[in-house]
Amino acid sequence: MLFASLAAQASPLSAQQIKDLQSLVSQLNPIQQAWVSGYLAAAAQLSGQSAAPVQQSSESSVLTILYGSQTGNAKAVANKIKAAAEQQGIAVKLTDIGSYKTTQLVKEKYLLIVTSTYGEGEPPESAVAFHKFLFSKKAPKLDGLQFAVLGLGDTSYEFFCKTAIDFDEQLAALGGKRLHARADLDVDYAAQAASWTETAVQAFAPELKQATGSAQVIAWPGATATSGHDSAYSKETPYLAELSVNQKITGRDSTKDVRHIEISLADSGITYQPGDALGVYFLNDDKAVEAILAATGLDGATEVQLAGQSYGLNTALTEQLELTQSYPSFVEKYAQATANSELLELVKDKAALRQYLDSRQTLDVILQNPAPLTAQQLVDALRKQQPRLYSIASSQAEVGDEVHLTLGVVRYDAFGSTHLGGASGFLAERLEEGAQLKVFVEHNDNFRLPDHETPVIMIGPGTGIAPFRAFLQERDQAGATGQNWLFFGNPHFTQDFLYQVELQDYLKRGVLSKLDVAFSRDQAQKVYVQDKLRLKAEEIWTWLQQGAYLYICGDGNKMAKDVHQTLLDIAQQQAGLNAEEAEQYFDDLRQAKRYQKDVY
């Protein structure tokens with residue numbers, strides 16, 4: 001399509017040259033395309049010619065797209081919106097909201113935001129600073145702004161898409177004009193996101209085309225990518241990898257079951273960086289599928305339709321649908337399909353429904369409320385399975401064509417049986433070493449190491465140690481001179497000291513400059529990583545004043561909040577800051593990419 005556009009215009013290339021160019025580009029991956037594009041631009045500059053294939057537009061005629069992404073979904077959707085807008089001849093500036101200069105907001109004329117929501121209605125980490133700015137006294141009047149907001153969320157959480165709602169309402173409150181209605185999309189968002197994209201671009205097109213005249217934007221192939229990560233594999237097209245190692249790394253008497261997982265990426269060409277995550281698709285337990293078929297009286301061979309494709313019901317339940325994570329919309333749909341009066345009454349009370357689902361998997365709802373319904377009704381009530389993301393616990397500089405994970409197995413007893421997490425149960429209990437699984441890399445540019453000379457402080461209790469194992473491997477292989485300080489915590493020294501031998505070796509060789517551990521149950525009074533931080537307050541503050549980067553990984557609901565409050569206390573204690581000044585200090589660190597979180 002691009003080359004048809006080129007040929008249709010007054011091109012300096014002959015028809016044969018366009019054909020040759022098309023042939024060449026079709027053989028290049030996005031990385032190579034970007035390199036060639038840069039090479040031609042540099043060559044043209046040297047010869048005094050204009051190299052830009054995109055017609056320059058004034059700032060006011062550009063659509064700015066910001067994305068706030070916790071797991072990569074919002075970023076992927078934003079890229080698709082960018083591509084759709086460019087096909088309509090709209091000039092687009094796509095930016096991670098964490099890198100966006102808030103002083104630019106007052107100058108914007110056309111703005112589109114795609115954002116996820118994290119935890120209890122909080123913005124994703126990359127969007128925290130923008131969210132605070134928008135609700136602060138510094139936020140400008142936006143009378144000249146036309147905007148649209150798209151929210152991605154999960155209806156299993158109480159504050160569904162709250163960040164998108166916040167942005168949408170506050171932009172309007174500041175004087176902006178809502179050019180297209182907000183959409184709040186659940187985890188199975190692909191079709192609705194595509195529909196919203198089409199109508200949103202149609203809403204912006206008349207405004208921007210009027211501003212730019214008849215100018216047509218021509219993007220070089222691959223230019224819509226926001227990073228140089230080269231891989232043929234993605235969430236939509238995962239790689240069929242092999243499980244190499246599944247090793248339990250907690251003791252026999254531990255209250256936790258943590259596995260060290262190694263997966264082979266041989267011959268895939270997949271690359272990743274420390275800080276990235278691995279997406280894992282999983283198969284549901286055959287016994288769970290059999291139990292559902294028995295409870296509903298359905299035949300597993302029955303054909304059903306799912307996202308425009310036909311599957312046998314057994315295959316759909318095993319490979320395509322969510323049976324473990326529970327969510328309110330399933331209860332409502334299942335209650336309607338089975339005419340279950342108790343469930344229908346329950347869905348009227350949102351608080352009671354969430355309490356009901358606290359200890360129940362989707363499977364439990366079906367087994368405790370067995371009733372006949374059609375196979376298609378069951379499939380329509382369930383939502384599509386989403387891959388689980390795990391922080392990568394290795395550096396390719398050390399492990400090559402492998403990727404390692406530190407996996408906490410979700411296991412608990414309820415209603416007379418042992419329950420396992422979907423992906424963690426699959427990896428730990430049902431997938432044998434040597435068997436295959438579908439994976440992809442989710443790049444996280446908001447959780448990255450600094451240069452080799454800069455000191456880093458890493459706070460990662462439990463499985464939160466995963467990315468810091470990758471950090472240490474990377475810095476060890478690079479011969480980095482920056483100091484590394486790790487805070488790690490878990491219940492017991494003898495049962496739960498994850499990667500103890502590796503960490504002690506790093507400490508002995510000087511790769512790890514300092515190691516502070518908190519084993520909470522090894523003494524009468526519980527001790528956590530935040531308690532260790534308080535004991536080292538003066539030294540932590542010294543490191544921060546010397547330019548250290550600060551990282552937190554692990555539980556976001558409690559640990560990360562407690563650690564953040566401890567850091568605020570340290571800033572007040574060591575520098576005499578008041579509460580507001582301490583918050584601003586860490587906001588500034590976050591803006592400078594010196595305070596990064598990977599929490600879940």
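## Strand pairing around strand 4

Two strands count as paired if DSSP finds at least two bridges between them. In this predicted model, strand 4 and strand 5 (residues 177–178) meet that requirement, with two bridges in the parallel sense. Within this pairing, Phe147 has Arg178 of strand 5 as its bridge partner. Between the two strands the chain passes through helix 6 (residues 162–173), and this β-α-β crossover is right-handed.

Strand 4 also pairs with strand 3 (residues 110–116); the two run parallel and are joined by seven bridges. Here Leu111 stands opposite Phe147. Strand 3, helix 5 (residues 128–134) and strand 4 together make a right-handed β-α-β unit. A further parallel pairing links strand 4 to strand 6 (residues 183–185) through three bridges.

## How strand 4 is covered

Strand 4 spans residues 146–152, and seven of its seven residues are buried. Both of its faces are covered. On one side lie Gln146, Ala148, Leu150 and Leu152, and on the other Phe147, Val149 and Gly151.

## An antiparallel sheet

Strands of a sheet pair through backbone hydrogen bonds, either parallel or antiparallel. Another sheet in the model is open and antiparallel, with six strands in the order 12-9-16-7-8-13. Its edges are strand 12 (388–391) and strand 13 (402–408). Each edge strand has a single partner strand, so one side of each is left without a neighbour in the sheet. From one strand to the next, the twist averages 40°.

Which strand is joined to strand 9 by four bridges? The partner is strand 16 (residues 436–442), which runs antiparallel to strand 9 (residues 277–280). One of the residue pairs is Gly279 with Phe440 in strand 16.

## Cysteines

A disulfide is a covalent bond between the sulfur atoms of two cysteines. How many disulfides does the structure hold? The count is zero.

Why is Cys161 classed as buried? Its relative accessible area is 1%, and the class covers values under 20%. Cys553 counts as buried because its relative accessibility is 0%.

Notes. Residues numbered from 1 in each chain as written. Predicted model: local features only at pLDDT ≥ 70, side-chain atom pairs only at ≥ 80, totals over all residues. Heavy atoms only, no water. Disulfide = S-S within 2.5 Å. Buried < 20%, exposed > 50% of the residue type's maximum accessible area, 1.4 Å probe, protein only. Right-handed = clockwise from strand over helix to strand, strands pointing away. Axes fitted to C-alpha atoms, helices over the stretch in contact; angles between N-to-C directions.
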